[in-house]
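Please read each point with the structure open beside it.

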Amino acid sequence: MILRPATDADLVAVRELQIASWRRAYRGILPDAFLGAPVAKVLADRWAALPGPHWIVETAWDGGRLAGFVSVDRSHDGGAYVDNLHVAAAAQGRGAGRALMASAAATLSAEGHAALWLTVIRENRAARQFYRRLGGVEGAERAETLFGQPIVSLPVTWTDLDRLARCAARR
């Protein structure tokens, strides 16, 4: 597996992977009507260009195919924030998610960041289990809106980025 920063040429593959991942992970959690054309439009707008320099967007490639990506907002109000982590269905269980989290944690640690966090939808049990295996600590549930859809989410935090980089890098 090869990790590298995303380029403009990767944006269509990133968008398509995220659409497929959302449709797979959020079926039965978010309305089917939203997971159709609306989510494709939202994500097409989101990935029309790479985010600014305060973002990390790292991709994982396996045999020339996009296996996954992570995007981290270094300047989020609450500190470095994992905005997205998605792995292609065919690549799940093969270490792409772990490698992407390790890479982001190592980069952030080298830059002097002390912690990393994200939010996860309460019903997304597979993601929650994955984050716990990487040492993430869940916070209190909170009601919020995701692209106009009501959800209950939980923050997940890592306060030792070097440990996350080592833990996530192990297979």
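Is Arg 46 buried, partly exposed or exposed? With a relative accessible area of 23%, Arg 46 is partly exposed, where buried means under 20% relative accessible area, exposed means over 50% and partly exposed lies in between (1.4 Å probe, protein chains only).

1. On the basis of the values. This is a predicted model, in which local features need pLDDT of at least 70 and side-chain atom pairs count only at pLDDT 80 or more, while totals for chains, interfaces and linings use all residues. Residues are numbered from 1 along each chain as its sequence is written, and side-chain values use heavy atoms, with hydrogens and water left out.

2. On Arg 46 and its partners. Arg 46 forms a salt bridge with Asp 83, the closest N and O atoms being 3.0 Å apart; a salt bridge here is a side-chain nitrogen of Lys or Arg within 4 Å of a carboxyl oxygen of Asp or Glu. This pair links distant parts of the chain, since Arg 46 belongs to helix α3 (residues 37-46) and Asp 83 to strand β4 (residues 81-87), 37 residues apart. Helices (H or I, at least four residues) and strands (E, at least two) are DSSP runs, numbered from the N terminus. Asp 83 is partly exposed, at 31% relative accessibility. The charged end of Arg 46 also sits over the ring of Trp 47, 4.2 Å from its centre, and Arg 46 lies over the face of Trp 55, at 5.1 Å from the ring centre. For such a placement, NZ of Lys or CZ of Arg must be within 6 Å of the ring centre and within 35 degrees of the ring normal.

3. On the other salt bridges. The structure holds 11 salt bridges, and one of them joins the side chains of Asp 62 and Arg 94 (2.7 Å, N to O). Because Asp 62 lies in strand β2 (residues 55-62) and Arg 94 in the loop between β4 and α4, this pair ties together parts that are 32 residues apart in sequence. Asp 62 is partly exposed at 28%, and Arg 94 is partly exposed at 39%. Glu 123 and Arg 122 meet in a salt bridge too (2.9 Å, N to O), and salt bridges that share partners join Arg 122, Glu 123 and Glu 141 into one network.

4. On the nonpolar cores. The largest nonpolar core has 40 residues, and those with the most contacts inside it are Val 72, Leu 116, Tyr 131 and Trp 158; such a core is a set of buried Ala, Val, Leu, Ile, Met, Phe, Trp, Tyr and Cys residues joined through side-chain atoms within 4.5 Å. Helix α4 (residues 96-110) gives the most to this core, with 6 residues. Apart from this core lies another, of 10 residues, among them Tyr 26, Phe 34, Val 39 and Ile 121.

5. On the aromatic pairs. There are 7 aromatic pairs in the structure. The rings of Trp 22 and Tyr 26 have their centres 5.1 Å apart and their planes at 75°, so this pair is edge-to-face. Rings of Phe, Tyr and Trp (its six-membered ring) pair if their centres lie within 6.5 Å, and planes under 30 degrees apart count as stacked, over 60 as edge-to-face and the rest as tilted. Both Trp 22 and Tyr 26 are buried, and ring pairs link Trp 22, Tyr 26, Phe 34 and Phe 147 into a cluster.
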